[in-house]
Amino acid sequence: MAAPRPPPPGALGGGVGGSGGAAPAAGVSMRMFHGEVCLGEMEVFPMKQGGEGGLPFPSNEIHVSHLSPASERCPPLAILQTIAPFSVRCKLQTKLTPPNPSLQRLYLTCFNEFKSAVVVVGDEELHLVAMPTKSGKVPCFWCCSARSGLYAASVGMLNLRCLAIVFDLDETLIVANTMKSFEDRIEMLSHRMDVEDDPIRIAGMSAEIKRYIEDKELLKEFIDTDTVTDNGKIVGTQKEEVQPMSGGQERVLRPVIRLPDRNAILTRINPEIRDTSVFVKLRPAWEELRSYLTAKGRKRFEVYVCTMAERDYALEMWRLLDPEGNLISPQQLSERVNCVKSGSRKSLQNVFRDRGCHPKMAMVIDDRLNVWDDKDQHRVHVVPAYTPYYAPQAEMANAVPVLCVARNVACNVRGGFFREFDENLLRKVFELYYENGLLDLPYAPDVGDYLVCEDTNFVPANKDQAPTPEGMRGTEVEKRLNGQSYRWEQREGQKMSSSTRSPDDEGMPIRGTGGVRTIQPNGGSLAITPSVYVTVLQEIGRLCDSKVEFRSTVSNGKSMLFSVEVLFSNEKIGIGIGKTRDEAQVQAAEKALQNLESSYLSSVAPVAGVPKKDSRKSPGSGNGFLEDAPCSDNDISMREPSGSTLKLDDSNNMDKLSSIMSLIREHCLEDQHVVFRDQVQNSSPARNEEYHFQVELAGLILGRGIGSDREAAKLLAAEEALKTLKSTTDPQIRKYLRPSTE
């Protein structure tokens, strides 16, 4: 017997448009084709009542040109909701019972292989998403729209758990100078010294001039002889082959000298013109950030560049930063390096003009916020401008270097984004039926949700900012490299003369997520703002190989307070509430550090025959803060969990938990993080209190445990979770397991 037709859209689950009990919209009959093959008549229902603008198919015919790429783990509706939220234009269902066999095959292929049927209409793609129905297996689809090419690019990124990151160049990652820019800055500082009376400021400017002169002499030697003398040793050039310059076809061999001890590189933008030689300072910790982006040979982020510099200069600066092309391949350079005209604003929409990524899946690293479009600013992580001549020690003044902070921020953003994607979006999409409405779609994550941006009105306690850019920017690059004279305007010089300076041995305030650390001129103690808690916590996570996440929300009440939770290896360890995100984040980080300290002290197990006060946990037994220790070789006796409380020996408990967690990870697909969820809110560490934990995988509960301490409760929950993974037949759980375990 043929499967019964589903009720008209809107009869169940909130109507065609998800508007509760609204009457269903009238359907329109259209013929559907796959290539040249007619699949039969379809009944099309607009999502909006009245049907205005709801039927996007030309000539009232549906022509499927191709199927989208198959997705390994993400259903098409989840991808479309991420890159084009709430873009469902209409619903389709067959008019024939039984359906045309070709239509049935198309429907089953799309449904089982996580594909969509694509209809191309101009610069838009209409994706027909096969949906389950509550009333039978009649082929039915949701039609969602997206920009052409965006879906195919996003499938791979979401399956690989990859986001995009956009870098600025000048004073974010590098500082570059030509002979002319060196001379101008030396002259400008000399004039300021002539009118300055403060001996401290004079000492600071004198030290800065000395640093400029030292690098200028190296650059002059490079221009004259193609060599430099570094610490008494003569270093010659290496000819490095690069892509042809703009408009050229022949290969280019560029003379380059790398001075790793100075974190500097000398290069020549046009090898035929010596005056285009440039002295480049690389920002410290760039290697740490770069290695994170491509750790273990797999990209965590697709990398782009957006700068206001001249194009040939920008391409060469990026080549120096990524000489092996691991972040951006040579074939992608022309599309991935985006040069914006000076005076224009940067935009993620323009960066992704090739539609390789949606702006919601991208974060930005830049030293300036106001150069970005307003709609993109919440996705920008602002770093302090790199000032190697004005304050060479400033980079190391923080507990964590600036680019290491950026690395930690990127790690938190990626973790938060895909946690929301897996545990909220994916789970809810799998629960949707054809009969559901538009308002039943879940919220899609945005990188900006997990990036705690700075207040744009932030003013450091010490206002001694570097008063001028230390390298070339924007139009200055083009003028210098084209041999044109360039001079700072007189008003800039007047502005600089009023700025204060600090001597060489003074610390500089560093603005950014890393907080501010200032060395007092009188040699007194360090003053550290509370935001240093954030960077210290992130560094602890890095050293312990544990993920640190900050999750923020805004209350719905009149108070509009911000709430931030800290997750350490997926366990909530701190919460903060404040009038701003920054205030709430700092409070949460401070509490998290206090909890980590308590957890560490309580986890130190006594050594046999030694008093407990002298015992220390062995280095190989864990990270010192959470009990996710390396796998033990001991056999694990699986015990039946129960609802009664349990108290076990601490060290034995931790060893067993570590082993069980290792076994659980072996069952799960890579990047599927198992979460311990504390079911008791604001629990105190009193010994007589019960602890309740449950183990979750992508929002699905695998096991629960109750114990008189945290470790015991975790162990019981983990044991039950492992048994669940070994015995489950639930398809919702099995799709997150490795094929070998099924």
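Student: Okay, at roughly what angle do the axes of helix α4 and helix α5 cross?
Tutor: This is a predicted model, and in it the axes of α4 (residues 179-194) and α5 (residues 199-225) cross at roughly 160 degrees and come within 10 Å. That makes α4 roughly antiparallel to α5, because the angle is over 145 degrees.

Student: And which hand does the crossing of α4 and α5 have, left or right?
Tutor: Left-handed. On the α4 side the contact includes Met179, Phe182, Glu183, Ile186 and Leu189, and among the residues of α5 are Ile202, Met205, Ile209, Tyr212 and Lys216.

Student: How many of the residues in that contact are nonpolar, polar or charged?
Tutor: The contact of α4 with α5 divides into 12 nonpolar, 2 polar and 7 charged residues.

Student: Let's look at Lys216, then. Does lysine 216 count as buried or exposed?
Tutor: Lysine 216 is part of helix α5. Its relative accessibility is 15%, so it counts as buried, the cut-off being under 20%.

Student: What does lysine 216 touch?
Tutor: Leaving out residues up to four places away in sequence, lysine 216 touches Met179, Phe182, Glu183 and Ile186.

Student: Which strands does α5 touch where it packs on a sheet?
Tutor: Let me start with the sheet itself. It is an open one of 5 strands in the order β10-β16-β15-β14-β13, with antiparallel pairing. β10 (174-177) and β13 (238-242) are at the edges with a single partner strand each, so one side of each has no neighbour in the sheet. From one strand to the next, the twist averages 30 degrees. As for α5, it packs on this sheet and touches β10, β14 (252-259), β15 (264-268) and β16, and its direction makes about 135 degrees with that of β16.

Student: How many bridges pair β10 with β16?
Tutor: There are 4 bridges between β10 and β16 (residues 277-282), in the antiparallel sense. For an example, look at valine 175, whose bridge partner in β16 is lysine 281.

Student: New topic: in what order do the strands of the 8-strand sheet come?
Tutor: That open sheet runs β3-β1-β2-β5-β8-β7-β6-β4, and its pairing is mixed. The edge strands are β3 (61-64) and β4 (66-67), each pairing on one side only. Strand β1 (residues 28-34) pairs with β3 in the parallel sense over 4 bridges. Within that pair, phenylalanine 33 has histidine 63 of β3 as its bridge partner.

Student: Which strands of that sheet does α1 touch?
Tutor: α1 packs on the sheet by touching β7 and β8, and its direction makes about 35 degrees with that of β8.

Student: Why is α1 described as largely enclosed?
Tutor: Because 8 of the 8 residues of α1 (residues 76-83) are buried. Among them are Pro76, Leu77, Gln81 and Thr82. The cover over these buried residues includes β7 (124-130), β8 (140-147), α3 (150-159) and α10 (402-429).

Student: Now a strand. How many residues of β17 are buried?
Tutor: 7 of the 7 residues of β17 (residues 301-307) are buried. Phe301, Val303, Val305 and Thr307 point one way, while Glu302, Tyr304 and Cys306 point the other way.

Student: What pairs with β17, and over how many bridges?
Tutor: β9 (residues 163-167) pairs with β17 in the parallel sense over 5 bridges, and valine 166 has tyrosine 304 as its bridge partner there. β18 (residues 337-339) is also parallel to β17 and is joined to it by 3 bridges. Threonine 307 stands opposite cysteine 339 of β18.

Key:
Residues are numbered from 1 along each chain as its sequence is written. This is a predicted model: local features need pLDDT of at least 70, side-chain atom pairs count only at pLDDT 80 or more; totals for chains, interfaces and linings use all residues. Side-chain values use heavy atoms; hydrogens and water are left out. Axes are lines fitted to C-alpha atoms, for helices over the stretch in contact, and angles run from 0 to 180 degrees between N-to-C directions. Helices (H or I, at least four residues) and strands (E, at least two) are DSSP runs, numbered from the N terminus. Angles under 35 degrees count as roughly parallel, over 145 as roughly antiparallel, 65 to 115 as roughly perpendicular and the rest as oblique. A crossing is left-handed if the near helix is turned anticlockwise from the far one by less than a right angle, and right-handed if clockwise. Contact means heavy atoms within 4.5 Å. Ala, Val, Leu, Ile, Met, Phe, Trp, Tyr, Cys and Pro count as nonpolar, Asp, Glu, Lys and Arg as charged, and the others, Gly among them, as polar. Buried means under 20% relative accessible area, exposed over 50%, partly exposed in between (1.4 Å probe, protein chains only). Two strands pair if DSSP finds at least two bridges between them.
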